[in-house]
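Please read the following report alongside the sequence and the coordinates.

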Amino acid sequence: MRLASDEEFLVSEAVTEAEVGVRRRIREVESALGDPDDAGNPVGFAALLAADERFELSAEAERRLDAVGFGAEFVPEALGGRLVRADALARVLRPVFRRDVALGFGYGITSLFAASAVWAAGSPGQRARLAELMRGGGRTGIVHHSLAHGTTMWRGELVARPDARGFVLSGRKDGVVNAERAEAFVVYARTGQGPGPASHSVLLLEPGAVTGGALRVLPRTPSTGMRGCRFAGMEFADCPAPADALVGEPGQGTELALRTFQLNRSLVSSVLLGAADTVLRAAVRTVVTGREGGAGRRQRAVLAAVFADLLLCDAMATAVLRSLHLFPASAHLGAAAVKYLVPDLVREDLEELGTVLGAKGYRRDSVHGFLQKLLRDLPAAGLGHMGTAACQAVLIPQLPLLARRSWEVTQDPPDLLFATERPLAPLALDSLAVAGGEDRLVAALLGAVRRLRDGGGPHEGRRDDGTRALLCTIAEAFATELAELRDRFRPVVLDSRTLAASARWAALADRYVMVAAAGAALGHWVRLEEGTDPFLADPAWLVLALGRLAGRLGLRLPEAPPGCVERVYAEAVARLHTGHGYDLHGVALDGPGEVPDGSARTERAA
């Protein structure tokens, strides 16, 4: 068993040097963690599920990630790390998340969520100290401010009172990840008296410098989901913090939270697809081995549909992550939309896969047990009601303005937004806006419709079974849905409280995010270049994915040609046999049946 070499990655001139670097990093992580299906692998599925039963993270998995310097992935390149592109980071994280969501959160992504405020607004000294800590594998914890609709992680609040030496912290916060072992904490504390955007500030606290009993870590709180993560409360009793602990300006806490949430929301939505990959892979394996009676028509349809959903979700998440670089004034819209939609689609997909896996999906001794673990982990990861409500609060007040000022006005975004293998300027969190901007995903939808009318889109692998014609029909249906949303939102007078509280507007926001997802997927497909993997150039997967979205909207469309399901199902089986991922890149994974990327592409093309 081996992974493809750097030379084998260069299967076409379209693969950039930047893409080779991303794939090399993915390969390093895959190699470090080994074949997850190997029962003898100390960090395989069996071992990770056993650790979860003990309410622990795998110490061996953390050691192996430390050995490949995984902490540097969360540190900007300018500070000695490897973080340049948000979409590339998501792909490097997926090998961890496809093995264990709790490991992905507990090992490092939580540290990134904490540190991102420092990367955005910290002083040079703060940034340098935190970068050194995280490059060396140290953990950074985040102490959030209290939010409505929050889980335990979001309840409780700290108050920071100014004094002659800096600040004095008081209060209690429950459910802090890595409270027992973090070497630094980014604390969102109330510094203002009343409500409003300037009521909170951010402090960088190093617990090792606190003496006496001013800071106390409370006993660990067991959790139902992400059981290996160490959640514990923190109690501050007149805890001193020096003046230079302040990150950014006083009262900047809410602004920094809104900026950094854009990265958090889009990144989580993307890495979640790595976990869904594992369940889909188990379901495909179950069917092709014949242990559940062979691949029946319904099973093939379910597996093809879920695979298509994951590709659509990847297109949306990747476009949003790249928009953080390209459109910092507008990225908050896409970040809220992708976090609103993708976790729900994945949750529905997992339920469908459960019908294929049957009772095996809930066993606790193999990869099949990953399904029941993942269903427990998702709410604990903030992918439940709280995440949806927060995204609604971002989107709904802005939709009337977008209907009047952006929809059918904003130009089709540049190809670079969807050119997933092309480099971008380094991520600049300090440039992200928190309101306003233009709707780039809707613009991509309308641009794709125009291109399809003109015969645009990839020409390779075209078939005469009506698939492409149906794709054009579906794209037009989403454009019509957008026009209806525009007519409903245009006359609305902006009142954020009224809009956010109305079930009517929430239902329309549900419809909007599906239109935005269609825009991302169509925008990606119509820009596929010559030499693209023939499977991706074939519109079959896109017809299935958009047809499912249209069904959720209640749109009546013709049935997809039978060949669509068969072609997408065949690709799912091929990627199982060749050991490639169920995403837009299809890179080699460390697992059974693995072959180099170039060979796999040749087999599928044939």
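The text below goes from the whole chain to its salt bridges and then to a single helix.

This is a predicted model, in which local features need pLDDT of at least 70 and side-chain atom pairs count only at pLDDT 80 or more, while totals for chains, interfaces and linings use all residues. Residues are numbered from 1 along each chain as its sequence is written, and side-chain values use heavy atoms, with hydrogens and water left out.

**Whole chain**

The secondary structure comes to 21 helices and 8 strands, where helices (H or I, at least four residues) and strands (E, at least two) are DSSP runs numbered from the N terminus. Of the 606 residues in the chain, 62% are buried; here buried means under 20% relative accessible area, exposed means over 50%, and partly exposed lies in between, with a 1.4 Å probe and protein chains only. The chain exposes about 22,000 Å², of which carbon and sulfur atoms supply 53%, with areas from the Shrake-Rupley method and a 1.4 Å probe, and for residues only the protein chains shown counting as cover. Among the contacts (heavy atoms within 4.5 Å) with a separation of 6 or more, 75% are between residues 24 or more positions apart.

**Salt bridges**

A search of the whole structure finds 51 salt bridges, a salt bridge being a side-chain nitrogen of Lys or Arg within 4 Å of a carboxyl oxygen of Asp or Glu.

| Pair | N to O distance |
|---|---|
| D309 and R552 | 3.9 Å |
| D344 and R347 | 2.6 Å |
| R527 and D412 | 2.9 Å |

The salt bridge between D309 and R552 links distant parts of the chain, since D309 belongs to helix α9 (residues 297-326) and R552 to helix α19 (residues 540-553), 243 residues apart. D309 is buried at 2% relative accessibility, whereas R552 is partly exposed at 28%.

In the salt bridge of R527 with D412, R527 lies in the loop between α17 (503-525) and α18 (534-537) and D412 in the loop between α13 (399-405) and α14 (440-453), so the pair ties together parts that are 115 residues apart in sequence. R527 is buried, with a relative accessible area of 11%, and D412 is partly exposed at 23%.

D344 and R347, by contrast, are 3 residues apart in helix α10 (residues 331-357), and are therefore separated by about one helical turn. Both ends of this pair are partly exposed, D344 at 28% relative accessibility and R347 at 21%.

Salt bridges also join D52, E53, D100, R227, K373, R376 and D377 in a network.

**Cysteines**

With a disulfide taken as a pair of cysteine sulfur atoms within 2.5 Å, the count comes to 0 disulfides. C229 is buried, with a relative accessible area of 1%, and C239 is buried at 0%.

**Helix α19**

Helix α19, which holds R552, has 14 residues that should span 20 Å at 1.5 Å a residue, and its end C-alpha atoms are 20 Å apart, which agrees; the expected span is 1.5 Å times one less than the number of residues. Because 11 of its 14 residues are buried, α19 is largely enclosed by the rest of the structure. The buried residues include W541, L542, L546, R548 and L553, and the buried residues of α19 pack against α9, α10, α15 (467-489), α17, α18 and α20 (562-578). Just after α19, G554 takes a positive phi of about 80 degrees.
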